[in-house]
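Let's take a walk through this structure, one piece at a time. Keep the viewer open and follow along.

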Amino acid sequence: MIAESTREERRRNSRKAEIVAPRPGFRLPKPVRRLQRQAPMYALQAVSALSVRLRELAGRDVIDLDRIMEVVQFVYQQRELAHRGPNYAVDDFGFDPQFTESFLGVFKALYRDYWRVETTGVEHVPATGRALLVANHAGVLPWDGTMIKTAVFAEHSHPRHIRALVASQFMGMPVMSWFLRRTGQAVGHPDDTRRLLERDELVLVFPEGTRGTGKGFKDRYRLRRFGRGGFVSTAIRAQAPIIPISVVGSEEIYPMLGDLSPLARLFGLPYFPVTPFWPWLGPLGMIPLPSKWRIQFHPPVEVAHLPAKAAEDQHLVMALADDVRDTIQRGVYDNLKLRRGVFL
Amino acid sequence: MTPFTPHRVLLTGVSNPLGAEVARRLAPQVPMLFGCDVADPVSALEEMDFVHADTRLSVIGKLVRQLHIDTVVHLAVMVDPAHDDRSVHETDVIGTMNVLVGCAAPSSPVRRLIVKSGQAIYGAGPNDPSFFSEDMTNWDRIATGVTRDLLEMEQLVSEFALRNELCGVTVLRLGLRVSEDTSLARYLSLPIVPTFTGFDPRLQLLHEDDAADAVVRAVVGDHAGVFNVAGDGVVLLSQAIGIMGGTAAPVLPPYGRWVSRLALRMIAGVDMPAHLADIISFGSVMDCSRLESAFGWRPVYSSREAMDALALGKQAELIEAPSPPQEYELQVYLQQRRRRQHQLTASRN
């Protein structure tokens with residue numbers, strides 16, 4: 001028989017009471033707190049009313065409510081993030097989807113409004129199952145990786161998180177080391193690639209590595225060597241289709257004029273770029289230029305018909321790697337032709 | 001050939017908490033259990049015969065031959081020392097060498113050897129893969145402290161396994177444990193936890209119960225080879241600090257970590273051994289799939305649950321006194337009381 005309890009007892013013992021119990025200490029008066037709680041809703045109502053009035057007056061949308069809702073969503077996501085405490089789960093690689101998605105609002109704004117990315121062929125990315133995405137790498141900072149991730153998350157019919165592989169140098173850098181892992185990246189180690197693919201993830205690799213990002217402005221859109229084709233053998237072993245991606249526009253975000261390698265060695269960086277703005281303008285020089293971007297996803301290269309033994313066949317592996325490289329290079333030239341101007 | 005079952009088991013290092021727990025669980029499962037350590041056992045066990053013996057001396061070989069030991073469980077290995085000093089090398093390398101020599105005699109009765117090792121053997125660095133599997137020990141790593149000692153120890157053990165095919169050798173690389181007396185637990189229990197600026201690594205933990213369980217399963221079952229033993233999943237360092245109710249203070253500079261370690265010892269009186277400094281900046285996670293497939297068992301506590309258990313203070317399980325009191329316990333009790341009185345008089349003088 002369940003013992004009768006008084007209302008106070010039930011209230012005290014309920015789990016809800018634990019959550020809503022106010023913190024001890026100073027509290028604002030109740031009307032003020034109510035206003036605090038409701039102010040964002042009032043503000044939104046006011047803005048929407050204003051937008052309706054302005055549309056009537058101007059005959060077109062002056063205030064884009066979708067954008068405003070995105071900002072509101074971003075603020076609330078950040079707030080939730082700050083309040084969640086240690087009660088969240090990360091996967092074994094240290095990937096935290098909630099943390100990552102809270103930043104996607106910013107990346108979507110960059111994607112849509114700043115670089116005006118035009119994405120084609122995103123349907124080649126499978127909605128489920130594993131795939132190895134291979135892209136050209138350019139720009140001093142890996143914004144191209146961010147934009148590919150945003151493209152699949154924003155444009156695909158089944159938004160998915162892409163797990164990129166980063167050079168191990170970045171894992172030794174403060175802030176980078178945790179930020180990259182938190183947002184789903186892993187070390188560019190064959191073992192990590194295999195594990196991610198076996199979990200049916202989308203894995204993004206840049207076979208050019210820092211040779212691609214650290215090349216000078218005069219070499220723009222000329223792909224570097226594609227490593228030793230290691231990505232192909234990993235894909236064959238994991239039976240994952242290879243999806244080549246051509247990115248255009250990333251080369252112009254930081255026109256790299258020179259490389260101060262002694263300074264790079266001092267800071268443990270792969271290169272120390274000199275652009276028209278960096279390091280002359282300080283942190284302002286880190287703002288990327290608003291070039292016009294195009295991202296093209298190519299049809300997948302199937303490797304499932306190849307036996308696992310083929311991964312050791314260096315000839316086949318290098319031939320496939322060259323094919324993928326050619327596809328990407330051709331895609332880069334095609335998209336350069338389609339682009340009207342660097343900043344248009 | 002009939003499957004081998006352990007009859008006469010020798011446990012080294014029974015006086016450390018893990019050894020005591022293993023002895024307690026093993027006692028009902030094997031006919032004869034002998035324990036040896038340099039220190040007195042923390043709790044007495046009726047079924048176990050305790051010998052004062054130092055693994056660093058050759059007496060261990062005599063013990064093995066005289067007692068006709070067929071299974072040696074070598075737990076007198078420091079996998080998580082509080083300091084980096086000479087005694088770790090002595091215990092881990094020289095002690096293990098002695099145990100191996102004791103087991104390696106031509107007419108040796110030893111048919112099974114279980115050696116405790118630790119996650120520290122992999123070290124931790126930015127160039128390492130996200131998961132260490134058993135064959136990823138980096139023998140060429142310029143290692144310091146306990147990493148180097150464990151590498152040297154395991155090299156000895158693998159040589160022994162190659163030479164003595166009759167003896168099945170199991171090496172258990174135990175994950176980081178967070179009971180009260182490990183260096184990681186002491187570090188995480190600080191009210192303000194100094195961390196390296198800009199680093200928030202993944203930690204993988206192993207509950208004390210699971211560690212003991214794994215050792216017992218290795219003794220009773222027949223699993224030769226090297227195995228990683230650690231809980232499922234990972235906990236971020238910041239999460240772990242949050243669970244413990246502390247505050248993370250990212251005050252230690254990310255480069256020149258030995259300076260930070262020295263400063264911590266001088267100013268705060270906190271000892272941070274080199275392997276711990278590496279782990280709390282780069283993290284270290286093991287792949288335990290081999291354990292799961294060979295043992296058919298996985299640790300019960302995930303990393304997160306092990307952390308929660310520490311936060312709840314339920315990590316250490318009290319070993320209840322057996323009743324009625326036995327002659328052996330009485331002897332141990334009297335011996336301990338004599339020692340205590342002796343120490344008291346010594347401190348008074």
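How many residues does helix α13 of chain A have, and how far does the helix reach from its first C-alpha to its last? This is a predicted model, by the way. Helix α13(A) covers residues 314–338, which makes 25 residues, and it reaches 36 Å end to end, close to the 36 Å expected at 1.5 Å a residue.

Now look at which parts of that helix are tucked away. Among the buried residues of α13(A) are V317(A), L320(A), A321(A) and V324(A).

Strand β9(A) deserves a stop of its own. Both of its faces are covered: R294(A) and Q296(A) are buried on one side, I295(A) and F297(A) on the other. It also has pairing partners. Strand β1 of chain A (residues 118–120) runs parallel to β9(A), joined by three bridges, and here T119(A) stands opposite I295(A). With β6(A), the pairing is antiparallel and goes over four bridges; in this case I245(A) stands opposite F297(A).

Zoom out to chain A as a whole. Its secondary structure comes to 13 helices and nine strands, and its C-alpha atoms fill a box of roughly 80 × 65 × 45 Å along the principal axes. Of its 344 residues, 33% are buried. If you take the contacts in chain A with a separation of 6 or more, 73% of them are between residues 24 or more positions apart.

Next, hop over to chain B, where an open sheet is the thing to find. It has seven strands in the order β3-β2-β1-β4-β5-β6-β11, with parallel pairing. At the edges sit β3 (48–52) and β11 (225–229) of chain B, each of which pairs on one side only. From one strand to the next, the twist averages 20°. For a look at one pair inside this sheet, pick β4 (residues 71–74) and β5 (residues 112–118) of chain B: they pair in the parallel sense over four bridges, and H74(B) stands opposite V115(B) in β5(B).

Those two strands turn up again when you look at helix α3 of chain B (residues 86–103). The helix has 18 residues and reaches 25 Å from its first C-alpha to its last, close to the 26 Å expected at 1.5 Å a residue. Its buried residues include V88(B), D92(B), V99(B), L100(B) and C103(B). What covers the buried residues of α3(B) includes strands β1 (8–12), β4 and β5, plus helices α2 (59–66) and α4 (145–163), of chain B.

So where do the two chains meet? The contact takes 19 residues from chain A and 18 residues from chain B. On the chain B side, helix α7 (residues 237–244) gives the largest share, three residues. That side divides into nine nonpolar, seven polar and two charged residues.

One last stop is the largest nonpolar core, which has 158 residues. Which of them touch the most other members? They are L132(A), L133(A) and V215(B). Leaving out residues up to four places away in sequence, V215(B) touches V22(B), V73(B), I114(B) and L172(B).

Technical notes:
Residues numbered from 1 in each chain as written. Chains lettered and ligands numbered in written order. Predicted model: local features only at pLDDT ≥ 70, side-chain atom pairs only at ≥ 80, totals over all residues. Buried ≥ 20, exposed ≤ 12 C-beta atoms within 10 Å, placed from the backbone. Contact = placed C-beta atoms within 7 Å. Expected span 1.5 Å × (residues − 1). Nonpolar A, V, L, I, M, F, W, Y, C, P; charged D, E, K, R; others polar. Core = buried A, V, L, I, M, F, W, Y, C linked by C-beta atoms within 7 Å. Pairing = 2+ DSSP bridges. Axes fitted to C-alpha atoms, helices over the stretch in contact; angles between N-to-C directions.
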